[in-house]
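Reader: Please take a close look at a single part of this model and describe how it sits among its neighbours.

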Amino acid sequence: MQLTKETIAEHNQSLAKSHQKQFDFIAEGVNDLQTLLQKLIDFQIAIPSWALGSGGTRFGRFPGDGEPRNLEEKIADVGLLHALNQSSGAISLHIPWDIPKDAPAIKTLAAMHGLKFDAVNSNTFQDQPDQALSYKFGSLQHVDKAVRRQAIDHNIEVIKHGVNLGSKALTVWLSDGSCFPGQLNFRKAFQRTLESLQEIYAALPDDWKVFVEYKAFEPNFYSMTVGDWGQSYLYANKLGPKAYTLVDLGHHLPNANIEQIVSLLMMENKLAGFHFNDSKYGDDDLTVGSINPSSLFLFFNELVEGMDARGMNHATDLGWMIDASHNVKDPLEDLLQSIEAIMIAYAQALLVNTKELKAAQEVNDVVRCQEILQTAYRTDTRPLIAEARIRSGGALEPLQLFRNLKVRDELIKERGKKTVATGL
Ligand SMILES: [Mn+2]
């Protein structure tokens, strides 16, 4: 299904009057409005190929209808999102779930939808049907050199697929670790993993990066070999300048101060980027901003401050990606909500009066500091985001238009019911 410019223009026209009123109201108080709108226009969030179908839990999966059946349809879905919001201009592939059979054709198809290829993701957390050796007891950390070799070769193959598509980074998330005390020698597991990563690092093209993602627990429940930002930072530091730490919001223990983590990683120039999601307890699959939008804001506040301190380009110098996939919503509607939440928090962070905040910090005016942050957080930035969206050709209300056009019904007509996205 393709969305035409005319359809979007008609939708925008029908809502133009009330939008203008809301926009004028907030725009009046914004300093340097054009710069702020341009930052919102430039900001793009990559969509992971695995978020386009319903996710599951270990208790089961409830597939939706009309889900993409192959890589081409996944690209079409991200193209739909991007046509609606003009903020989802990249897709992140998962190998081997999304091996492109004809890379030039896939690249052309993505370009037709205005999409780039973000970081490619390797998978050594499950066994594939044609695989010689098992990852049951880990991959890059495995005690058996042959298993490590297989996992290293897989990562190098992923890099090759990424090169063919124009990706510039490899994300490595390992499920390696242990489930019981005594199962693993922590130091040896670390060393083996480091040596494996060094071989992968050596295979990176000059202009590539490797992102080392960490996770506190699951699927291993006693130790994870890349379990927190300290461990990831150790690997990234030992590997070299092309290695960075990737922060997934849902991969921390409860109440972790993620904004402080990203602030310090940026200070050390070791922050790769993000996987966005939200969680209440220990999960990592809920819609961004659905549980705790204020912590999303605080996190963006540190990012904007830290990026500005280093003179970084907000849109291009860090990797921004959603990493969530659950059981109960239409995946495309869920992604539209996630993108909106990210844009809201980013816009709020851009509204923080940094000059006044710095001055208040210098004189220990704690009350003033809180007021400054909360003034930004309590601003309804949605009209600003909508304005940026329509200026770049998107819809004023993406979710409303998605529903008005009955996009999911159209996809079911094209693809059928009970379709399963590859890899899920
Ligand atoms: Mn992740």
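Reader: How many bridges join β9 to strand β11?

Author: There are 4 bridges between β9 and strand β11 (residues 243-248), and the two run parallel. Two strands count as paired here if DSSP finds at least two bridges between them. Helices (H or I, at least four residues) and strands (E, at least two) are DSSP runs, numbered from the N terminus. The model is predicted: local features need pLDDT of at least 70, side-chain atom pairs count only at pLDDT 80 or more, and totals for chains, interfaces and linings use all residues. Residue numbers start from 1 along each chain as its sequence is written.

Strand β7 (residues 169-173) and strand β9 (residues 209-213) pair in the parallel sense over 5 bridges. Another pair across these strands is Leu170 with Val210, its bridge partner in β9.

β9 is mostly covered, with 5 of its 5 residues buried. A residue is buried if 20 or more other C-beta atoms lie within 10 Å of its own, exposed if 12 or fewer, and partly exposed in between, with C-beta atoms placed from the backbone. In a regular strand the side chains alternate between the two faces of the sheet. On one side of β9 are Lys209, Phe211 and Glu213, on the other Val210 and Val212, and all are buried.

For β7 the count is also given: 5 of its 5 residues are buried, so the strand is largely enclosed by the rest of the structure.

β6, helix α5 (residues 145-165) and β7 make a right-handed β-α-β unit; right-handed means that, with the strands pointing away from the viewer, the path from the first strand over the helix to the second runs clockwise.

Val210 and Phe211 are, with Ile91, the residues with the most contacts inside the largest nonpolar core, which has 111 residues. Such a core is a set of buried Ala, Val, Leu, Ile, Met, Phe, Trp, Tyr and Cys residues joined through C-beta atoms within 7 Å.
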